[in-house]
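Subject: Handing over a structure, with notes

Dear colleague,

I am passing this structure on to you, and I would be glad if you could look through it with the notes at hand.

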Amino acid sequence: MEEQQKAAEKQAEDLIKELQQEISDLKKRNTELEQLSHTDDHLHLLQVLDVTLDPDTAHPYLILSDDGKQVSHGDIKQDVPKNPKRFDYVVSVLAKQGFSSGRFYYEVQVKGKTGWTLGVARESINRKGKLIYSPVNGFWAVWLRNENQYKACENSPVSLSLRVKPEIVGVFVDYEEGLVSFYDVGSRSHIYSFTGQTFTEKLYPCFSPCVNDGGKNSKPLIITPVNK
């Protein structure tokens with residue numbers, strides 16, 4: 001009985017340590033987000049990226065706004081020139097702006113959508129045919145499917161449980177640290193981070209509004225100004 005009691009106490013102690021570590025990690029993430037969003041000198045920490053969409057990369061069914069800040073999925077295939085940079089199967093588009101050093105941050109409105117994918121992609125990604133969003137394929141992304149199913153697109157996808165449905169998602173990249181983090185701007189909460197990555201080429205913000213699903217998912221993704 002005494003040995004069982006000791007084993008139970010040790011198990012409880014280990015569980016408490018795990019919970020304390022988890023709380024510590026959450027506090028650290030909240031601190032990071034506070035620094036990104038609310039400190040007066042957060043621009044010293046990162047460069048806010050002025051993102052515009054690159055029409056030369058856009059899937060033919062995607063509709064881009066004239067200012068390059070919005071993208072949605074249409075019902076009609078656009079008459080666009082063939083381009084080796086263009087996605088021809090996955091309904092995605094890259095930004096014009098790429099980077100190969102430093103820290104960068106941008107925000108995207110996802111309000112009213114039932115599906116989307118956001119993240120960054122390396123320059124050499126395959127643009128043709130079926131693609132799987134994953135680091136091994138050069139994508140660091142999170143997605144929403146079926147209105148409430150969130151996943152981090154790891155090599156083995158990770159399901160995410162979010163307390164609230166994000167309306168604006170912040171994407172933070174630290175190139176040298178190999179870090180890609182996603183935040184819910186409205187609730188100032190951390191969504192997911194890819195850590196310990198090794199980047200060796202230029203990275204581009206990547207967007208997919210997903211198919212419009214008969215109008216259910218017709219809202220655009222909107223690149224929004226960062227509130228400084």
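Predicted model: local features only at pLDDT ≥ 70, side-chain atom pairs only at ≥ 80, totals over all residues.

Residues are numbered from 1 along each chain as its sequence is written, and side-chain values use heavy atoms, with hydrogens and water left out.

To begin with the strands, which like helices are DSSP runs numbered from the N terminus (at least two residues of E for a strand, at least four of H or I for a helix), there is an open sheet of six strands in the order 4-13-6-7-8-9, with antiparallel pairing. Strand 4 (93-94) and strand 9 (158-160) are at its edges and have a single partner strand each, so one side of each is left without a neighbour in the sheet. Two strands are taken to pair if DSSP finds at least two bridges between them; strand 6 (residues 116-122) and strand 13 do so in the antiparallel sense over six bridges, and L118 has F207 in strand 13 as its bridge partner.

Turning to the cysteines, a disulfide is a covalent bond between the sulfur atoms of two cysteines, and here the term stands for a pair of cysteine sulfur atoms within 2.5 Å. A search of the whole structure finds zero disulfides. C153 is in none, the nearest cysteine sulfur being that of C210, 9.8 Å away, which is too far for a bond.

C210 is found in the loop between strand 13 (203-208) and strand 14 (221-224), and its phi is near 65°, a positive value in a residue other than glycine. R188, in the loop between strand 11 (179-184) and strand 12 (189-194), likewise has a positive phi, near 50°, but R188 is partly exposed, with a relative accessible area of 39%.

H73, in strand 3 (residues 70-73), counts as buried at 14% relative accessibility. Leaving aside neighbours within four places in sequence, H73 is in contact (heavy atoms within 4.5 Å) with Y61, L62, V91, P209, C210, V211 and N212.

Lastly, rings of Phe, Tyr and Trp (its six-membered ring) pair if their centres lie within 6.5 Å, and planes under 30 degrees apart count as stacked, over 60 as edge-to-face and the rest as tilted. By this rule the count comes to eight aromatic pairs. In one of them, Y192 and F194 have ring centres 5.2 Å apart and planes at 80°, so the pair is edge-to-face; Y192 and F194 are both buried. Elsewhere, ring pairs link W140, Y175 and F199 into a cluster.

With kind regards

Conventions:
Buried < 20%, exposed > 50% of the residue type's maximum accessible area, 1.4 Å probe, protein only.
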